[in-house]
Amino acid sequence: VLIGVPVALADGLMPALKDTELRVLLCVLRQTRVLGRERDSAWLTHTELRRRTGRASEAVSTAINGLTKR
């Protein structure tokens, strides 16, 4: 783990991700971990992802689509 980021992400996936994909993925990872424990589910609205990533609606939608295809 690199500052809370899984090694597989840091070493393998990160170079292949687009900027907004990485930001969305980091938000999802952050949301699913609470006090060192993984949660069964985590809700992130599109609006919340836009706020947390600092990206526009279309960019967030494109990133979500790209991540789900991976």
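Predicted model: local features only at pLDDT ≥ 70, side-chain atom pairs only at ≥ 80, totals over all residues.

Visitor: Let us begin with the overall layout. How many helices and strands are there in the chain?

Guide: The chain holds four helices and two strands. Read from the N terminus, the order of the elements is α-α-β-β-α-α.

Visitor: What share of the 70 residues in the chain is buried?

Guide: Of the 70 residues, 23% are buried.

Visitor: How should I describe the way two helices pack?

Guide: Two packed helices are described by the angle between their axes and by the distance between those axes. Take H2 and H4 as the case here: their axes come within 8 Å and cross at roughly 80°. The two helices are therefore roughly perpendicular to each other, because angles of 65 to 115 degrees are placed in that class. On the H2 side the contact is made by Thr-20, Glu-21, Val-24 and Leu-25, and on the H4 side by Ala-59, Val-60, Ala-63, Ile-64, Gly-66 and Leu-67.

Visitor: At what angle do the axes of H3 and H4 cross?

Guide: The axes of H3 and H4 cross at roughly 105° and come within 10 Å. H3 is thus roughly perpendicular to H4. The contact involves His-46, Leu-49, Arg-50 and Thr-53 from H3, together with Ser-57, Val-60, Ser-61 and Ile-64 from H4.

Visitor: Which residues form the largest nonpolar core?

Guide: To find a core, one looks for buried nonpolar residues whose side chains are joined through atoms within 4.5 Å. In this model the largest such core has five residues, namely Val-24, Cys-27, Leu-49, Val-60 and Ala-63. Helices H2 and H4 each supply at least two residues of this core.

Visitor: Which residues does Val-60 touch, leaving aside those up to four places away in sequence?

Guide: Val-60 touches Thr-20, Val-24, His-46, Leu-49, Arg-50, Thr-53 and Arg-55.

Visitor: Let us turn to charged pairs. How many salt bridges does a search of the whole structure find?

Guide: The search finds five salt bridges.

Visitor: Why are Asp-19 and Arg-23 separated by about one helical turn?

Guide: The reason is that Asp-19 and Arg-23 are four residues apart in helix H2, which covers residues 19–32. Asp-19 is partly exposed, at a relative accessible area of 43%, and Arg-23 is likewise partly exposed, at 34%.

Visitor: What does the salt bridge between Arg-55 and Asp-19 tie together?

Guide: The side chains of Arg-55 and Asp-19 meet at 2.3 Å, N to O. Arg-55 lies in the loop between helix H3 (46–53) and helix H4 (57–69), whereas Asp-19 lies in helix H2, so the pair ties together parts that are 36 residues apart in sequence. Arg-55 is partly exposed, with a relative accessible area of 27%.

Visitor: Where do Glu-48 and Arg-51 lie?

Guide: Both lie in helix H3, three residues apart, which is about one turn of the helix. The side chains of Glu-48 and Arg-51 form a salt bridge at 2.5 Å, N to O. Arg-51 counts as exposed, at 58% relative accessibility. Elsewhere, salt bridges with shared partners join Asp-19, Arg-23 and Arg-55 into one network.

Visitor: With which side chain does the side chain of Gln-31 make a polar contact?

Guide: The partner is the side chain of Arg-52, at 2.9 Å. Gln-31 is found in helix H2 and counts as buried, with 15% relative accessibility.

Methods
Residues numbered from 1 in each chain as written. Heavy atoms only, no water. Salt bridge = Lys/Arg side-chain N within 4 Å of Asp/Glu carboxyl O. Buried < 20%, exposed > 50% of the residue type's maximum accessible area, 1.4 Å probe, protein only. Polar contact = N/O pair within 3.5 Å; in protein donor to acceptor, adjacent residues only side chain to side chain. Contact = heavy atoms within 4.5 Å. Axes fitted to C-alpha atoms, helices over the stretch in contact; angles between N-to-C directions. Parallel < 35°, antiparallel > 145°, perpendicular 65-115°, else oblique.
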